[in-house]
Amino acid sequence: MTKQNWVDLAYLLSAVCFILALKGLSSPKSARRGNLIGAAGAAIAVVTVLVGTEGLAHIPLILGAVVVGTVIAVPVARQVPMTGMPQLVALFNGVGGGAAAIVALLEIPRTGGGFALIASLFTVVVGSVSFSGSVVTFLKLQELITTRPIVLPGHPIWFAGSLAGSVGFSIAVFARGGVGAGTPLLAVVVVVLALAAGVLFVLPVGGADVPIVISLLNAFTGLSVAASGYVLGNVLLLVAGTLVGASGTLLTRLMAQAMGRPLTSTLFGALRGGSTAGGAGPSLDRPVRSASPDDVAILLNYASKVIVVPGYGLAVAQAQHVVRELADVLAARGVEVIYGIHPVAGRMPGHMNVLLAEANVPYDQLKEMDEVNPQFATTDVVLVIGANDVVNPAARQPGTPISGMPILDVDQAQNVVFLKRSMRPGFAGIDNELLYQPNTTLLFGDAKESVTKVVNALKAL
Amino acid sequence: MTGIGLLTVFVLAVFIGFEVVSKVSTTLHTPLMSGANAIHGVILVGAILVTGFATNGLEIALGLAAVVLATINMVGGFVVTDRMLEMFKARR
């Protein structure tokens, strides 16, 4: 076998590792091992390209850059709190897109035209959009800019114009075969316009819809990596990028379904002034029943089955640990406690699962919506902590911003206890009928403080 | 490999991607996104190739920037995914 054969075999091995990594995620038991297999695949790929590529220069510089990247990435990845995970993933996604765009940019003059040049330009545009879009996503999630949709004057025109411009200049580069004086300048214009398009694409998306955007931008970066694989004639990049593109696309579709509205309304709703407008404001004068932590403790103590419905409010209040303590105390008294997780609870698909897992909640107590919904009718108490829209029965009626979104059927339980900071409506800005039901009790206050008080009251019983 | 061969690989990879990911449980969607994110960090291979064949200072500088960014994506992605998955434990 020639050296090239060995190199190709090593790339194949690495690609198989990536497939196994994704396959491992089918169960929490095999997931961690899967991820390590993926990391091994990546290591094999990097070693292979360094030792197996004929005529590769600047190796010390490259190794230095790898060390720099590692030194930056590892401490950040180790230290980020679990609530901050979505923005970190967005940022990692962005730098990946940026790297793909640079790689493709440098390949433009070497492709010799044809389909490889088209693939290069595609990578430059999509990678740049992914980079700047991810940065804006990061800023929104980190709340360095407002989480409300931002719509500039003439926004759709600027967005369409920048996108069309980057495609137009790409065509100009293609017409020159990617070579010749002036072509690099044209390529830079392509990059600048694509960066602008990425920013304008994400700005009008509201905070609650940002998870979908992360997923979509992840797919974008995957596709740009796949295209750069085509340009470089590298099968590994092609396979890995395509896998990510496929997974990101699928996840984006699943999330849009979980939110009950088409992707286009999520992404461009604010531009049309539609979906984020909100419905009727909260009617503050309607009577609600509020209770003290002691009342809630008694209610829980005599329940035989309790379902906790957590929302992002729980994570913001850092209440996940004390909620687990509450569940432990109840379990010790023979009360069955499970968690009902809505697919879009949190700020990323499955984010709530990660946050609860961090608090050592066993994953077999975390029940998905389809599994938990039939159980509400036989449940004594439902604790809704920092969630609102995902339990709002308004979703079952037409004409509200959340109409059609599948919800947790909390209203079928014997008793519903809402832990809320105030009567403020949820992210969708609509009143929640559930709050006024006769079997609903409200416990006002910070989620962490409230649950702590309930735990103490419960221990005193 | 070029042309139709690469296209063949691409199409097959799309099917594998959909097939494998559709089996991932919703509990693990966040690690899936983060793990997939780490996998596209393999653009590092591309970044190393363009830097290794760079012919002038500007190309080297851009290539090295791509190497740094891709390394952050890949290494950070795998580390953060591992941290997440470490927490998913069964009932003790």
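Because the model is predicted, local features were required to have pLDDT of at least 70 and side-chain atom pairs pLDDT 80 or more, whereas totals for chains, interfaces and linings use all residues. Residues are numbered from 1 along each chain as its sequence is written, and chains are lettered from A and ligands numbered from 1 in the order in which they are written.

Chain A contains 16 helices and six strands, where helices (H or I, at least four residues) and strands (E, at least two) are DSSP runs numbered from the N terminus. Along the principal axes, the C-alpha atoms of chain A occupy a box of roughly 80 × 50 × 35 Å. Of the 461 residues in chain A, 54% are buried; a residue is termed buried if 20 or more other C-beta atoms, placed from the backbone, lie within 10 Å of its own, exposed if 12 or fewer do, and partly exposed in between. Contacts, defined by C-beta atoms, placed from the backbone, that lie within 7 Å, join residues at least 24 apart in 78% of the cases in chain A where the residues are at least 6 apart in sequence.

The six strands of chain A form an open parallel sheet in the order β3-β2-β1-β4-β5-β6, with pairing assigned if DSSP finds at least two bridges between two strands. Its edges are β3 (366-368) and β6 (440-444) of chain A, each of which pairs on one side only. Neighbouring strands of the sheet are turned against each other by 25° on average, direction ignored; axes are lines fitted to C-alpha atoms, for helices over the stretch in contact, and angles run from 0 to 180 degrees between N-to-C directions.

Strand β1 (305-310) of chain A is largely enclosed by the rest of the structure, because five of its six residues are buried. β1(A) is joined to β2(A) in the parallel sense by four bridges, and to strand β4 (residues 381-385) of chain A, also in the parallel sense, by five. V308(A) has Y339(A) of β2(A) as a bridge partner and stands opposite L383(A) in β4(A). Helix α14 (residues 351-358) of chain A lies across β1(A), β2 (336-341) and β3(A), at about 145° to β2(A).

Two loop residues of chain A have positive phi values without being glycine. In Q318(A), phi is near 55°; this residue lies in the loop between α12 (312-316) and α13 (320-332) of chain A and counts as partly exposed because it has 15 C-beta neighbours inside 10 Å. In N360(A), phi is about 65°; N360(A) belongs to the loop between α14 and β3 of chain A and is partly exposed, with 13 other C-beta atoms within 10 Å.

Among the helices of chain A, α4 (residues 85-107) has 23 residues and reaches 33 Å from its first C-alpha to its last, close to the expected 33 Å, a value given by 1.5 Å times one less than the number of residues. Since 23 of the 23 residues of α4(A) are buried, this helix is largely enclosed by the rest of the structure. Within helix α1 (residues 3-24) of chain A lies A15(A), which counts as buried with 25 C-beta neighbours inside 10 Å. Leaving aside residues up to four places away in sequence, A15(A) touches L236(A), V239(A) and A240(A). A15(A) and G38(A), 23 residues apart in sequence, are 8.8 Å apart in space, C-alpha to C-alpha.

Chain B has four helices and zero strands, and its C-alpha trace spans about 60 × 35 × 15 Å along the principal axes. Buried residues account for 62% of its 92 residues.

Between the chains, 76 residues of chain B are in contact with 93 residues of chain A. The helices α1 (3-21), α2 (29-39), α3 (43-52) and α4 (57-86) of chain B each supply at least two residues to the side that touches chain A, and α4(B) gives the most, with 27 residues.

Methods:
Contact = placed C-beta atoms within 7 Å.
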